[in-house]
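Please read it alongside the sequence and the coordinates.

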Amino acid sequence: MTAGKRLISSALWATGWLAFMGSLLGQAAPSLSEQKAQAEALEKRLPVPTLDTKKSFDLSPARQEHLQKYLPETYRKLSQREPLHLLVLGDASALQIQEGPVTDTFPGVFASHLADQFFYTGGVQETGHAESTDVMPAIVLRSLARPDGSVLDAAAILESTARQTPVDVVLICYGQNDAAMQPPAFSRAIGAAIAGARALGAEVILCSPWLPVAERSEAVLGLARPLADAQQELASELGVLHSDLGDLSRLLSIPSHQSLDEGQVFERIERTYREYFYLDATGAFTPRPSLHHQLGSLLYKDLLEPRTALPWQLISSTAQELKPGELTLTYRLKNLTQNPLTLTALPLIANGWKPVKARSSVTLDAAATQSLSVSYAAESEAPPIQEALLRQPILISSDTIARVETLRAPLAPVSIVWGLETLFNQESAFLAGCQLVNPSKKALKGSWQADFGGQIIKENFDLPSEATIPLNLRFDLPKDAPAIRNVPLKLTVTLDGQTLTSTRQVLLTRNLGLGQSIPLTTDNGQPPAPITLTPKADNNTLTLVFDLPSASLLQESPDGRGPSWQVELNLDARSYGKRLEPGSTATLRATGQATDGPGKVHPIPAWAFGNGYAATFDPKEFSAVLSSSDDKRQITFTLPRTYLYLHEWALENGNSQLGLAVRLSLQGSDGYTTHHLPLTGKPRNDIESLVVLELAKQPTPRVTVDIE
């Protein structure tokens, strides 16, 4: 009942009481109209009620302050009920859901909480499916997340497609598809995305992805956690809101395990978490709407208040590679409570290291600290690191709480940190980026030796405490080498009687020229009769010709519906100066059947040809055709020159260059075989995975050096 209604009721009650007393004294009761008049007169003598308008409803001052700290302009728009445009970038972890629209995914749930809190009568409206926000205030949700998306695409999307509509807040959620990426490279790409969002005048929210599950969840739970840890560091450095959607401690209510062994503890946690997922007929696990509802609510909570501390803390992590392929990691676990605490610590797979031995159960007295260690084995060759520490995930659980923590462990006695850059247009020599980092508080002395194709460099070093020194790994390029060559680079470091070895593969690819054929490589090496690629160009087109030496190489797919061939092309067509800067491309794809004729060119993203491109590309302007002659077959992929509008396109000029990578998949008697140029482990949309095509018939002798 409102204050005004309460006052009227009080006035009517008083009038009724006067009528009752009058009847007791023998007076005639007033008529109904007289009673109404008396009530109105009494109401006029009562004070007028006042109501204060609230702009934030039940938000406490502390919550308002926390929101304004990270999203000040967003808070202003929300409090004034202005339309708010929320853009979502990410991979499958942003929008994947079992039977639900975008508004039911965690970004939609988060937006709904904002709409409810700040009284948006239009609610949440998806771009392209919404009523006009001029009629009712609404939060407009637009998603440019892609199931196959990579963080490398984010900056290019923000420079192109994102600009088609207003953007107030950019929600970024990458990590699952990029789990194989090194944390420094991931952080650089996230930083570029943040810069791109700010260039649009938008504010940013970073989200680490939810944890995936699989038939063997222990193999996948920790894969993206090193990236989540690096993302949290970057967010703190840049003052950006970060929400960890992989924090199990806020998602699970675990039944008490009493006395279980480590396998049973993991099974109990994994089984509880798996209830958030739907297992389809193909064996894939898809998040249910219940998971997205929880994640959206957690993101909203992170916007309003700091996270609650856990009862434990990880401190003082160190790692040591005793010999190639074997690693020991030691860390300290602290009880932050005033009561005894029993914890289970289960190391997870990540960064190419698999745990083989660990002490998993520990009981800590009140405020006590205890050391634990984990032994790891490399899953294949010992992986390189690109920063002076190793980030390894570990699942820690108490009686009712579980969380995947990330240990940050410097490598002792020294860290060998590789740059792993791709170096374009190298002429006679190249310099591999590598540093030695001393994490300890004592100075170190030793020597190192590097061997590249028989070229040996030796030096002694003095490494002060907590210092870094670069290594002079400058090598001559092999002369008269094949167009494509793989050469190992072996580095051996000796100090204090201990020898550390790190070997990287260096892929050398001569710059391609027009009209010159180059063989493609398969995963199993060079086939006996290789498929070749011949680039061609004129003033109007760029053409890639794939020669298949035998007609029997190509067959119809067994089901009769799948393609018999597929061409995937990545092309960096920025200007010469821009092409040497970091960036990304998107894959162009064409497919076809085993019979001669045109294939299908699939839709092409606006940023396909590199950062700065922002156009609508019509697939009909491209062509992909299979043809036959004599005992050979050819697949010809043609691109219009007009679509490469940022490129200078100066024919017969060695500095008029394109970055190029191709993958040709053919259906044969044993299934699909993919032929590559180049064969690299770097992400296909990263410009560092490309080689150089010069728009000249006589290319320069320069080389692309890809260090992996």
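A polar contact is a pair of N or O atoms within 3.5 Å; within protein, one must be able to donate a hydrogen and the other to accept it, and residues adjacent in sequence count only if both atoms are side-chain atoms. The model is predicted: local features need pLDDT of at least 70, side-chain atom pairs count only at pLDDT 80 or more, and totals for chains, interfaces and linings use all residues. Residues are numbered from 1 along each chain as its sequence is written, and side-chain values use heavy atoms, with hydrogens and water left out.

**Surroundings of T105**
- The side chain of T105 has a polar atom 2.6 Å from the backbone oxygen of V102.
- T105 lies in the loop between α5 (92–95) and α6 (106–117); helices (H or I, at least four residues) and strands (E, at least two) are DSSP runs, numbered from the N terminus.
- T105 is buried, at 1% relative accessibility; buried means under 20% relative accessible area, exposed over 50%, partly exposed in between (1.4 Å probe, protein chains only).
- Leaving aside residues up to four places away in sequence, T105 touches A94, L95, I97 and H292, where contact means heavy atoms within 4.5 Å.

**Surroundings of G592**
- G592 sits in strand β33 (residues 588–592) and is buried at 9% relative accessibility.
- Apart from residues up to four places away in sequence, G592 touches P563, S564, W565 and G599.

**Whole chain**
- The chain has 12 helices and 41 strands, and its C-alpha trace spans about 125 × 65 × 45 Å along the principal axes.
- Of the 708 residues in the chain, 50% are buried.
- Among contacts with a separation of 6 or more, 69% join residues 24 or more positions apart.

**Aromatic pairs**
- Rings of Phe, Tyr and Trp (its six-membered ring) pair if their centres lie within 6.5 Å; planes under 30 degrees apart count as stacked, over 60 as edge-to-face and the rest as tilted.
- The count by this rule is 12 aromatic pairs.
- The rings of Y75 and F118 are edge-to-face, because their planes are at 80°, with centres 6.1 Å apart.
- Y75 is in helix α4 (residues 72–79) and F118 in the loop between α6 and β2 (124–126), 43 residues apart.
- Y75 is buried, with a relative accessible area of 10%, and F118 is buried, with 0%.
- The rings of F430 and F475 have centres 6.1 Å apart and planes at 40°, so this pair is tilted.
- F430 belongs to strand β20 (residues 429–432) and F475 to strand β25 (residues 473–476), 45 residues apart.
- One aromatic cluster is formed by F609, Y613, F617, F622, Y643 and Y645.
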